[in-house]
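Here is a short briefing on one protein model. Keep the structure open as you read and look up each residue when it is named.

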Amino acid sequence: MTVISHAHYDLLKREILTAAGFKSISPADCRVISALVTSKTKHCISETTLKRIYGFALSRFNPSSFTLDVLCKYCNYNSWKEFCEIQIQDDLEPSNNDFNWNQIRKKAASISNLTLQAARNRAGIPYHYVIKRELVNAHLSEFIHSAFTNAILCAPAGYGKTMALCQWVEDRLELNAANLRNDVILFINSNALINALQSRRNLFEWVLALLGCSTNEQLKALVNKRQGNGGKFYLVIDGFDEHVAGSDQFQVVLNYLLNGLSICKNYEWLKLVLSLRSSTWINYRHELQAGNNTWFTGFHPDSSKHNNVPLLSHKEVNELCLKINPSLSNTISFEAAETLSHPLFFQYYYKHYRGNFSLSSLNNVCLYELSASFILNNIYLGKNATEKVFIIKSLVENMDIRGGHFDVEKINVLNLLKQHNPAYQELLSIGFLKELSHNNGHSIHTCIIFSNNFLEHSIAKTLLSYTGSKFDDSFAQHFNDTFTRTGNKLTVLKWCLMIAIKTGQQKSLEHLTAINLNSAEKAELMMFIGDLLEKECSSMKENELLLQYFKQVFSEKMFDYFFSLDLINPAYKKTLLTMLRFELSSDQKILVQTALGIIAVIQLNLKEVNIRIGELRKFDQADIEAFAIDPLNCLTAFYSFLHDGAIPDEAFNKLDRLSFSPVLRPDQLKPCVANDMLFIQGAYTMLICGDLYKVVRYVNTVKNIYKTDEIEQAETPFAFFINLLFGEAWHGLGETDKALGIYNLIAGTFGDNGEQLSPIIKARFYSLKIKLLMNTSREDLIIDELRCVNSIAEDSGNKILKMSVLMMLLKHNGVLDKYPFFKRQAVHDLTMIINRNGLNRNRFIVPDMVG
C-alpha cells in the first residue's frame with residue numbers, strides 16, 4: 001500500500017480540478033478528466049480510478065505510485081515526489097509569525113468542502129433530498145454552548161450519522177461565510193488519522209501543518225495570541241471505527257488520538273466532534289474516558305442504549321418523502337413512517353422506487369424486502385460471499401436459541417474468525433455484525449451480535465439449510481423444537497415463509513398447520529401472508545408458478561387454518577381476498593364472503609356490508625340455508641340496524657326458533673371453524689335485538705349442542721366468545737356475580753392484560769372488563785381501560801367496539817362525570833363515528849349524551 005501525505009494528496013486533487021477547469025466535480029466529470037489526462041500525459045488513468053480518488057466509489061487503498069506520478073505530470077510536475085518536496089519547501093518558507101486566523105479558516109474550509117463532497121457522493125439518496133436531523137442539531141448545539149471540549153455522534157451503522165454531520169458542518173460554514181461566526185471548521189475522515197500518525201507529529205501539530213502553519217513561532221502565536229475575535233476551532237472526525245483498520249492498527253490510531261486530546265484539552269476554544277458506531281463506543285469508552293477526558297454524549301443516565309442519532313421520526317419521514325415527491329399526501333401514516341424510519345432501509349426503498357416514488361408499496365412485507373435487498377447486495381453478491389455465509393451459519397449454530405440467548409462469545413469462535421478474517425471484518429464494516437465488550441469486574445468478555453433484523457434472517461436461513469431449504473413437515477418439527485419460547489419466533493417464521501415463496505415453494509403454506517402459534521402470533525402471521533401473497537399476485541404475469549398455484553383446490557385443512565374465528569378482523573381482509581383467488585367450493589366462498597361482511601360491520605363500513613350482502617345473494621338460496629345459521633340473514637339484520645335503525649323481526653325469529661328446537665344435521669354440528677363463526681355471528685345478531693334473555697337462551701342452546709366440553713374448559717377462541725357472550729348478557733341482566741365469575745375464568749386462561757389474544761378477542765375482553773368496573777368502587781380504572789380500547793380500535797380498525805363502549809359509558813350516569821375532559825372527548829368521538837359512517841342518528845344518539 002502506498003504511504004502518502006493526506007495534506008499533499010488533498011492539494012493534488014485540488015490542482016487536478018484547477019488544471020481541468022472544474023470548480024467542483026460530479027461522477028460524470030471523471031470521464032472527462034480521464035480523457036484530458038490521457039491526452040496530455042499519454043498514460044491512461046481510468047474513470048473508475050478517478051471516482052475512487054474523489055469518493056464516488058469505495059476505495060480500500062491509497063492510489064498507486066504510478067497513478068500519483070501520472071496525475072502530478074498532468075499538473076506540470078515531474079513526479080509525486082517532486083510535488084511533495086515543493087509543498088514541503090513552501091511550508092518551510094519564512095512567513096509572518098503573527099498567526100492569520102482568517103487564512104487558516106479558509107484553508108480549513110477548503111479541506112472540509114472536499115470531505116463534504118466525498119461524503120455527499122456516498123449518500124444513499126441524492127444529497128439534495130437529505131434533510132436536517134432535528135435531534136442531532138439540538139445535541140451538537142447544546143455541546144457548542146457547554147464547557148465540554150469533546151463530543152460524540154454515536155449510533156449503529158446505517159443510522160445516518162455522516163449525513164447528519166455533513167448538514168451540521170455545512171451550517172457552520174455558512175455562518176462563517178455570512179460573517180456571523182469566525183470559527184475554524186476542519187472536517188476530515190478518520191482515514192486521515194493514519195496519515196497523521198505517519199507524519200510523526202502530534203495531532204495538534206499535524207492539524208496546523210495541514211492548514212499551512214508549521215513554524216514554532218506560528219504555533220506560539222496561535223496559543224498565546226489567538227486572533228479571530230473569540231472564534232473557536234472545531235476538529236470534526238467522521239467514521240472513527242475499528243472496522244476502518246485492523247484492530248491492532250486501530251488501537252495505535254486510538255492512542256494517537258488520545259495523546260492529541262491530552263494536549264488540546266487545556267484550550268477551551270478547541271473542540272472535537274467524533275462520529276462513531278455504538279459498538280466502537282461500548283468497546284473503547286473505557287479508554288476514551290480515561291484520565292480527565294470527558295465527553296458530551298447526550299445519553300440518558302439510566303439508559304443502556306448508546307445512541308444519540310435516533311431513527312427518523314414521523315415528522316422527518318414525512319418531510320423526506322414530500323421533499324422527494326411533493327405530490328404525495330401531506331401526512332404520511334405512522335405505519336409507513338415506522339417502516340421507513342431506518343435511514344438505511346429508506347435508502348433501499350428509494351433506490352427501488354425512485355422512478356415513481358410513492359408509498360403505495362409499503363406493507364408488512366416491505367421491511368423484509370428492504371432487508372433482503374441489503375443482504376443480497378452485501379452478503380451474497382459481494383466479495384468473500386461463501387466465507388461470509390459460512391461465518392453467519394456458524395455463529396447461529398453457536399447460539400442458545402432455545403434458551404433465548406442470541407449472542408456468541410467471541411472466544412468460542414476465535415479460530416473460525418481468524419481463518420476467515422477478511423470476510424469477518426467485512427461483516428463488521430457493513431454493520432451486519434458488531435462486537436460488544438462486557439466487564440464483569442474480573443475479566444472482559446467480547447460477544448458477537450447481529451444488527452437490526454439480520455439476526456432473524458440468519459436464523460431462518462440456517463434452519464432451512466437443515467432440511468435442504470425445504471419448508472415441509474420436517475422443518476416445522478425442527479422449528480417447534482428450536483423455538484420453545486416466543487422471542488424472535490414470529491419474525492424468523494416470516495423470513496422462512498418469504499424465502500419459501502420466493503423460491504417457488506408456494507405449497508409450503510400447507511405445512512404452517514404444524515407450527516405451534518398462539519392466537520396473537522397467528523393473527524399477525526396471517527396479515528403478513530396476506531401482504532406477501534398480494535404482492536406476489538401483483539406481479540402474477542411474471543410469476544407463472546404462482547398463477548398455477550392459485551388454480552389448485554384449497555384443501556379443507558388449509559381452509560380451516562387460514563379461516564380462523566379469532567383472525568376475523570380488519571387486518572385479515574387481505575388474506576381473505578387472496579383466498580378468493582383459489583379454486584374454492586361454494587360453501588367456502590360463502591364463508592369467506594360472510595367473514596368479509598363481518599369485517600365490514602366491525603369497521604362500520606356500510607357500503608362494504610351492502611356489497612357482501614349482494615355477493616351472498618348471488619348464491620343459490622339452498623346453499624345459504626344449508627348452514628346451521630343463515631349468514632345472509634345475520635348480515636342483513638346488522639345492515640338494517642346500523643343504517644336504518646330497524647330491528648328486523650324475521651332475522652331474530654329464525655335464531656329464536658333454533659333456541660327452542662335445535663334440529664340440525666350432523667354436518668351442521670361438525671366441529672370446525674366455519675360453524676364456530678356462524679354460531680358466534682348468530683349470537684351477536686341476537687344481541688342487537690335488545691332482549692338479553694333471548695341471548696342467554698340462544699347461547700345456552702349452542703353450548704348444549706356444540707363443543708360443550710370445549711366451552712367449559714374455556715381455552716379456545718370459540719369458548720372465549722361463548723363465555724364472553726354469557727358474561728355480557730348476565731351483566732346486562734344485573735347478574736354481576738355471574739358475569740364476574742366468567743371474567744375471572746377468561747382472565748385465568750388468557751391473563752388480565754390479554755396479551756396472547758388476537759385483536760378481535762382482545763377487543764371484547766376489554767369491553768367486558770369496563771362493564772364490570774362500572775359496578776365497583778374502582779371506576780377510576782375505567783379511564784385506563786378506555787385508553788386500551790382506543791388503542792386497539794386505532795390499531796385494528798375496530799370502530800364498532802369503540803362505539804359500543806362509548807355509548808355504554810355515556811348512558812351509565814356518573815361514570816365519566818368525574819372526568820369532564822374525557823366525557824367531552826367521548827361525546828365528540830362518538831358523534832364523529834356516527835356521522836362519518838352514515839349510521840342512523842335516531843338509533844345511536846341519546847339525548848343526555850349531548851351537551
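**Strands side by side**

Strand β2 (residues 184-189) pairs with β3 in the parallel sense, over six bridges. This is a predicted model. The points below start with the strands, then turn to helices, rings, charges and cysteines.

- In this pairing, Ile 185 has Tyr 234 of β3 as its bridge partner.
- β3 also pairs with β4, again in the parallel sense, over five bridges.
- There, Val 236 has Val 273 of β4 as its bridge partner.
- Strand β4 (residues 270-276) is also joined to β1 by five bridges, and these two strands run parallel.
- Ile 152 has Leu 274 of β4 as its bridge partner.

**How covered are the strands?**

- In a regular strand, side chains alternate between the two faces of the sheet.
- Why is β3 described as largely enclosed by the rest of the structure? Six of the six residues of strand β3 (residues 233-238) are buried, so the rest of the structure largely encloses this strand.
- On one side of β3 sit Phe 233, Leu 235 and Ile 237. On the other sit Tyr 234, Val 236 and Asp 238. Both faces are covered, and all of these residues are buried.
- Strand β1 (residues 150-154) is mostly covered too, with five of its five residues buried.
- Asn 150, Ile 152 and Cys 154 point one way from β1. Ala 151 and Leu 153 point the other way. All are buried.

- Glu 435 lies in strand β6 (residues 433-439).
- Is Glu 435 buried or exposed? At 10% relative accessibility, Glu 435 counts as buried, because the cut-off for buried is under 20%.
- The side chains of Glu 435 and Lys 410 are joined by a polar contact of 2.9 Å.

**Helices: length and cover**

- An α-helix has 3.6 residues a turn, so residues three or four places apart point the same way.
- Helix α18 (residues 385-397) has 13 residues, which should span 18 Å at 1.5 Å a residue. The end C-alpha atoms of α18 are 19 Å apart, which agrees.
- The buried residues of α18 are Ala 385, Lys 388, Ile 391, Ile 392, Ser 394, Leu 395 and Val 396.
- Helix α31 (residues 631-644) has 14 residues. From first C-alpha to last, α31 reaches 20 Å, close to the 20 Å expected at 1.5 Å a residue.
- α31 is mostly covered, with 11 of its 14 residues buried.
- Among the buried residues of α31 are Leu 632, Cys 634, Phe 638, Tyr 639 and Phe 641.
- Ser 262 has its place in helix α12 (residues 247-264). This serine is partly exposed, with a relative accessible area of 36%.
- Ser 262 and Asn 292 are 30 residues apart along the chain. Their C-alpha atoms are separated by 8.5 Å.

**Aromatic rings**

- How many aromatic pairs does a search of the whole structure find? The search finds 27.
- One of them joins Phe 679 and Tyr 706, 4.9 Å centre to centre. Their planes are 45 degrees apart, and the pair is tilted.
- Phe 679 lies in helix α33 (residues 673-687). Tyr 706 lies in the loop between α34 (692-705) and α35 (708-713). The pair therefore ties together parts that are 27 residues apart in sequence.
- Phe 679 and Tyr 706 are both buried.
- One aromatic cluster is formed by Tyr 129, Phe 346, Tyr 349, Tyr 350, Tyr 353 and Phe 357.

**Charges over rings**

- The ring of Tyr 74 has the charged end of Lys 40 sitting over it, 5.3 Å from the ring centre.
- The ring of Phe 143 has the charged end of Lys 271 over it, 4.6 Å from the ring centre.

**Cysteines**

- A disulfide is a covalent bond between the sulfur atoms of two cysteines.
- How many disulfides does the structure hold? It holds zero.
- Take Cys 75: the closest cysteine sulfur is in Cys 72, 6.7 Å away, and that is too far for a bond.
- Cys 75 is buried, with a relative accessible area of 8%.
- Cys 166 is buried as well, with a relative accessible area of 0%.

How values were computed:
Residues are numbered from 1 along each chain as its sequence is written. This is a predicted model: local features need pLDDT of at least 70, side-chain atom pairs count only at pLDDT 80 or more; totals for chains, interfaces and linings use all residues. Side-chain values use heavy atoms; hydrogens and water are left out. Rings of Phe, Tyr and Trp (its six-membered ring) pair if their centres lie within 6.5 Å; planes under 30 degrees apart count as stacked, over 60 as edge-to-face and the rest as tilted. Helices (H or I, at least four residues) and strands (E, at least two) are DSSP runs, numbered from the N terminus. Buried means under 20% relative accessible area, exposed over 50%, partly exposed in between (1.4 Å probe, protein chains only). A charge sits over a ring if NZ of Lys or CZ of Arg is within 6 Å of the ring centre and within 35 degrees of the ring normal. The expected span of a helix is 1.5 Å times one less than its number of residues. Two strands pair if DSSP finds at least two bridges between them. A disulfide is a pair of cysteine sulfur atoms within 2.5 Å. A polar contact is a pair of N or O atoms within 3.5 Å; within protein, one must be able to donate a hydrogen and the other to accept it, and residues adjacent in sequence count only if both atoms are side-chain atoms.
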